[in-house]
Amino acid sequence: WRELEKILKDDFNLNPIVLKEQPDGGATTIIDKFEKYAEQCSYAFAIFTPDDIVKTGDNSYFQARPNVIYEIGWFSARLGRRKVCIIFQNDENAEIFSDFQGIIQKRFYSNISEIYREIQLELK
């Protein structure tokens with residue numbers, strides 16, 4: 001996420017909001033804090049990296065953290081699908097929900113800079 005933040009700030013002169021770097025501002029829960037800052041956004045990127053292992057019977061796969069999944073759903077409802085983008089780290093053992101097929105997805109392997117041009121075009 002730091003790489004994306006740097007690209008958005010330095011190259012595109014945008015002001016990305018990284019929730020964990022924002023003051024609580026009187027919020028009593030993390031959801032309150034999220035909503036306070038999320039309401040200021042006009043576009044949202046969510047970085048899906050294979051962080052959590054999900055086991056179903058004999059099968060297992062990796063998926064993004066539940067809070068990231070929640071947040072992209074919130075932004076999809078608030079901003080509309082055309083104003084959200086999933087940045088998905090390709091991994092042979094990672095899966096993405098079929099419900100997210102209607103959301104723009106950009107895929108990278110090691111570094112977000114691999115999709116720099118795609119991000120630039122998306123923001124235009």
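Modeller: Here it is; note that this is a predicted model.

Biologist: Start with Tyr-116: buried, partly exposed or exposed?
Modeller: Tyr-116 counts as partly exposed, because its relative accessibility is 27% and the buried class ends under 20%.

Biologist: And how many aromatic pairs are there in the whole structure?
Modeller: The search finds six. One of them joins Phe-12 and Tyr-116, with 5.4 Å centre to centre and 35° between the planes, a tilted pair.

Biologist: Which parts does that pair tie together?
Modeller: Phe-12 sits in the loop between helix H1 (2-11) and helix H2 (30-38), and Tyr-116 is in helix H4 (residues 116-123), so the contact ties together parts 104 residues apart in sequence.

Biologist: What about the accessibility of Phe-12?
Modeller: Phe-12 is at 17%, so it counts as buried.

Biologist: Switching to Phe-34 and Trp-74: what is the geometry of that pair?
Modeller: Edge-to-face, with the planes at 80° and the centres 5.1 Å apart. The label follows because planes over 60 degrees apart count as edge-to-face.

Biologist: Where do those two residues lie?
Modeller: Phe-34 is in helix H2 and Trp-74 in helix H3 (residues 66-79), so this pair ties together parts 40 residues apart in sequence.

Biologist: Are they buried or exposed?
Modeller: Phe-34 has 6% relative accessibility and counts as buried. Trp-74, at 15%, also counts as buried.

Biologist: Which residues make up the cluster with Phe-34?
Modeller: Ring pairs link Phe-34 with Tyr-70, Trp-74 and Phe-75 in that cluster.

Technical notes:
Residues numbered from 1 in each chain as written. Predicted model: local features only at pLDDT ≥ 70, side-chain atom pairs only at ≥ 80, totals over all residues. Heavy atoms only, no water. Phe/Tyr/Trp six-rings, centres within 6.5 Å; stacked < 30°, edge-to-face > 60°. Helix = DSSP H or I, 4+ residues; strand = E, 2+ residues; numbered from the N terminus. Buried < 20%, exposed > 50% of the residue type's maximum accessible area, 1.4 Å probe, protein only.
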